[in-house]
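Me: Please go through the terms used for this model with me, and set each value against its cut-off before drawing a conclusion.

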Amino acid sequence: MNNDVNPPEIFDRRRRHALRARAAGRAGDHFLWHHIAQDMAERLSAVTRTFERALIIGPIGRWQGEILPPNVPCTLAPLRDAAAGAKAGAQTGAGAADDAPVALEEDRLPFTPCSFDLVISAGTLDSVNDLPGALIQIRRLLRPDGLFLGHMFGAGTLGALKAMLLEADADRVTPHIHPQIDLRSAADLIVRAGFTLPVADQDISAVRYGDWRSIISDIRDAGVGNALAGPRNYLGKAMPARLDDTFAARADAQGKVTEGFAHIYLSGWAPSENQPRPAKRGSGQVSLADILSKEQAG
């Protein structure tokens, strides 16, 4: 029985693992993960400190070498079964100092508090059942002044595909893609989780497709398909033909449709006594009103 202590879960945990496991065996170019890894590496390069122990949560661990500086001890925590995770960990080229990969969920982290000074989670937070709890757990894993870098696919992702599926469904509306969080809500969550110096921003990857099947293929390559709990409805043999017609009606002169992937990036630090803090309210010595009035007078 569901109650306030154990609320119903929106996402099916087994489906989440199955999506990642299937993606690991596909031969796509994984351009979404490369994009995320490069952005994470750029953000990390702006941090002027040395990390002693890192944790990477999710499939992004496969791109560990593109994100982390050399020789940073790292634990990989893929979101799929332990056997597949071990195989993926071997493919990253992790050194002997690295821990064996651990299969887990972001809202069920098994690590000891204050175990890491860097935690990275990318591409999967949008389908976590308890996102506020997951962020709080990540913050507790960090040592004082430890850094969290997060990514999730935000609202607006796959907007073209959602519209085409909705139109092709006709009178029978079925949730094919789970809803995503918007930037403001994500920013609020990282503040509520207790991170200091929080930052949230977003960019959009626009990709042009000549066929709706290519969009589906890229989603499967990335392992970010629909993980909503509940039964799956049979779409019917006529669905592909209806999607062909819907795609053709939306295509431009080159026969292509532009699809978007909204990348929300989060960063924050575990509280520490030596971090900069904003001045206390009312402690300023200069009035902003006075400055503005002088500028207007001049």
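Me: Where is L197 found?

Reply: L197 is found in β5, a strand that covers residues 196-209. Helices here are DSSP runs of H or I with at least four residues, strands are runs of E with at least two, and both are numbered from the N terminus. The model is a predicted one, in which local features need pLDDT of at least 70 and side-chain atom pairs count only at pLDDT 80 or more, while totals for chains, interfaces and linings use all residues. Residues are numbered from 1 along each chain as its sequence is written, and side-chain values use heavy atoms, with hydrogens and water left out.

Me: What is the phi of L197, and why is this residue called partly exposed?

Reply: Phi of L197 is near 50°, which is a positive value in a residue other than glycine. As for exposure, a residue is buried under 20% relative accessible area, exposed over 50%, and partly exposed in between (1.4 Å probe, protein chains only). The relative accessible area of L197 is 43%, so the residue is partly exposed.

Me: Which phi does C114 have, and why does C114 count as partly exposed?

Reply: C114 is not a glycine, yet its phi is positive, at about 60°. C114 lies in the loop that runs between α4 (82-91) and β3 (116-121). Its relative accessibility is 43%, and therefore C114 counts as partly exposed.

Me: How many disulfides are counted?

Reply: A disulfide is taken to be a pair of cysteine sulfur atoms within 2.5 Å, and by this rule the count comes to zero.

Me: In which sense do β1 and β3 pair, and which residue in β3 is the bridge partner of I56?

Reply: The sense is again parallel, with four bridges between β1 and β3, and the bridge partner of I56 in β3 is I120. Both faces of β1 are covered, with A54 and I56 buried on one side and L55 and I57 buried on the other.

Me: In what order do the six strands form the sheet, and which are the edge strands?

Reply: The sheet is open, its order is β2-β1-β3-β4-β6-β5, and the pairing is mixed. The edge strands are β2 and β5, since each pairs on one side only. Strands of a sheet pair through backbone hydrogen bonds, either parallel or antiparallel.

Me: Why does A186 count as buried, and what separates the C-alpha atoms of A186 and G154?

Reply: A186 is found in helix α7 (residues 183-192), and with a relative accessibility of 1% it falls on the buried side of the cut-off. The C-alpha atoms of A186 and G154 are separated by 8.8 Å, although these two residues are 32 residues apart along the chain.

Me: What makes L68 buried, and how far along the chain is L68 from A41?

Reply: L68, found in the loop between α3 (64-67) and β2, has a relative accessible area of 10%, and therefore L68 is buried. L68 and A41 are 27 residues apart along the chain, and their C-alpha atoms are separated by 6.7 Å.

Notes:
Two strands pair if DSSP finds at least two bridges between them.
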